[in-house]
Amino acid sequence: MKVTIINKSDSTGGAAIVSRRLTEALRTAGIEASMLVAEKLSDFPWVTQAASPKREKIPFLAERLKIFIHNGFNRSDLFKVDTASDGLPLWNHPLVKEADVICLNWVNQGFLSLKGVERILQMGKPVVWTMHDMWNMTGICHHAGHCLNWEKECGNCRFLGSKSSPRDISHKVWLRKHAICEKATSSSSIKLHFVAVSNWLAQLARRSSLLSSASLSVIPNAFPLPPAPSGHATHDKFRIVMGAARLDDPIKGLPILVKATQLLKQLHTDEARRMELITFGAVRNQEALDGIGIAHRHLGMLHGESNIRRVYLDSDAVVSASLYETLPGTLVEGLAYGCIPVSFNRGGQSDIVTHLDTGYIAEFDPDITTAASNLCNGILWAFNHVNEDMRIRMYNSALKKFDSQVIAGEYIKLFSRLLEQG
């Protein structure tokens, strides 16, 4: 079985990392899997760059220019949407032509156009499209937030500013996507199957106007896990870790965590003295880290999975305050490496954490003080439950749900079923 996984990059972004991990896991399981990318940063021989950087920039810049025009020349929202108006002719690439199964992952920013998707579907091969955000079920955005237009027809897009209207570019792209989905549903020669990486994302897909009738499965992302829950450091402080590619991205909810640490200091002074917050990731506004109420160290950007793994092995809890998160990898990695997950249930967190068993799911509230208070309670619960039995229970849960070979096996069963359908 030859499988080609198509993703914008092999290293930049969460989708790139989990796509590369899946490719590795499939190869370990005996599948001839390859990765086709626009940006190659690794030295793996099974990762192929689809075109030169200069050639790849042409559709990228063309799409950005069109979006820039359609959003009224608004730079702040330029990269919050994708229209898939332009892309590379990937249907002509040998890895696509020779594949038995084609896997589309995150293919935006001028890598694969909707026309390109149609050309690949016309090849008659099974196409599995793994969704890492909401883009497949909306017109142009990756996370709809409070907007519910995607449940009916997109239009009046908040990311288009003064150019927003009922028949704006978000509606026009929605129509293109709708035509593709309709054809895939009605035609026996087109084999398009969507994979949601969390049950939360699958539930959104079933509510959407585009994917409510689509062929759909739920398979989480693959994570390389240690052979046994060992190597966790012992120290005097209860260490809480929070990390992200960009820590002060508004989606990550950093102000809520800062407020939670202030509540810890005010209301639980003795426990707060024994706590330390470890953060990592890029921070554009250094003032975002001001006001943290407990001991704090910021490690900056961490490169390489081994460096991130060491942080988890040296910590006791991992916190996610995100306003929404498809399947937060920090919680999975924390689960596997001995950090009790504490999070809001604003996405796929309940697929990872069993409340009061392998972690704590705090209730979210739009009021920052209430949300912070609930997160504070979760941190205190983790503080009182960190022990070796908990770490073993968390590790076994991660192994059962997210181990690379378990996930590879789920994909292989899906590929086989689609190929058998003829």
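## Surroundings of Ile6

Leaving aside neighbours within four places in sequence, Ile6 is in contact with Leu36, Leu90, Val96, Ile102, Cys103, Leu104, Asn105, Trp106, Val107, Phe111 and Ile120. The model in which these contacts occur is a predicted one.

## Nonpolar cores

The largest nonpolar core has 117 residues, and Ile6, Leu104 and Leu375 are those that touch the most other members. Helix 12, residues 368-385, gives the most to this core, contributing 9 residues. A second core of 20 residues is separate, and includes Ile31, Cys103, Ala408 and Ile412. In soluble globular proteins, nonpolar side chains tend to be buried together.

An open sheet is formed by 7 strands, with parallel pairing and the strand order 3-2-1-4-5-6-7. At its edges lie strand 3 (47-49) and strand 7 (215-218), each of which pairs on one side only. From one strand to the next, the twist averages 25°.

Strand 1 (residues 2-6) pairs with strand 2 (residues 32-37) in the parallel sense, over 5 bridges. Within this pairing, Val3 has Ala33 in strand 2 as its bridge partner.

## Helix 14 across the sheet

Helix 14, comprising residues 404-420, lies across strand 1, strand 4 (101-104), strand 5 (126-131), strand 6 (191-196) and strand 7. Relative to strand 5, helix 14 runs at about 145°.

## Packing of helix 7 against helix 12

Helix 7 (residues 254-267) and helix 12 have axes that come within 8 Å and cross at roughly 65°. Helix 7 is therefore roughly perpendicular to helix 12, since angles of 65 to 115 degrees fall in that class. The crossing of helix 7 past helix 12 is right-handed.

On the side of helix 7, the contact is made by Pro255, Ile256, Leu257, Lys259, Ala260, Leu263 and Leu264. Helix 12 supplies Ile368, Thr369, Ala371, Ala372, Ser373, Leu375, Cys376, Ile379 and Leu380. Leu375 of this contact is also one of the residues that touch the most other members of the largest nonpolar core.

Asn387 is located in the loop between helix 12 and helix 13 (388-402). Its relative accessibility is 36%, so Asn387 counts as partly exposed, a class that lies between the 20% limit for buried and the 50% limit for exposed. Asn387 and Asp316 are separated by 71 residues in sequence, and their C-alpha atoms are 9.2 Å apart in space.

Terms used
Residues numbered from 1 in each chain as written. Predicted model: local features only at pLDDT ≥ 70, side-chain atom pairs only at ≥ 80, totals over all residues. Heavy atoms only, no water. Pairing = 2+ DSSP bridges. Helix = DSSP H or I, 4+ residues; strand = E, 2+ residues; numbered from the N terminus. Axes fitted to C-alpha atoms, helices over the stretch in contact; angles between N-to-C directions. Contact = heavy atoms within 4.5 Å. Core = buried A, V, L, I, M, F, W, Y, C linked by side-chain atoms within 4.5 Å. Buried < 20%, exposed > 50% of the residue type's maximum accessible area, 1.4 Å probe, protein only. Parallel < 35°, antiparallel > 145°, perpendicular 65-115°, else oblique. Left-handed = near helix turned anticlockwise from the far one by under 90°.
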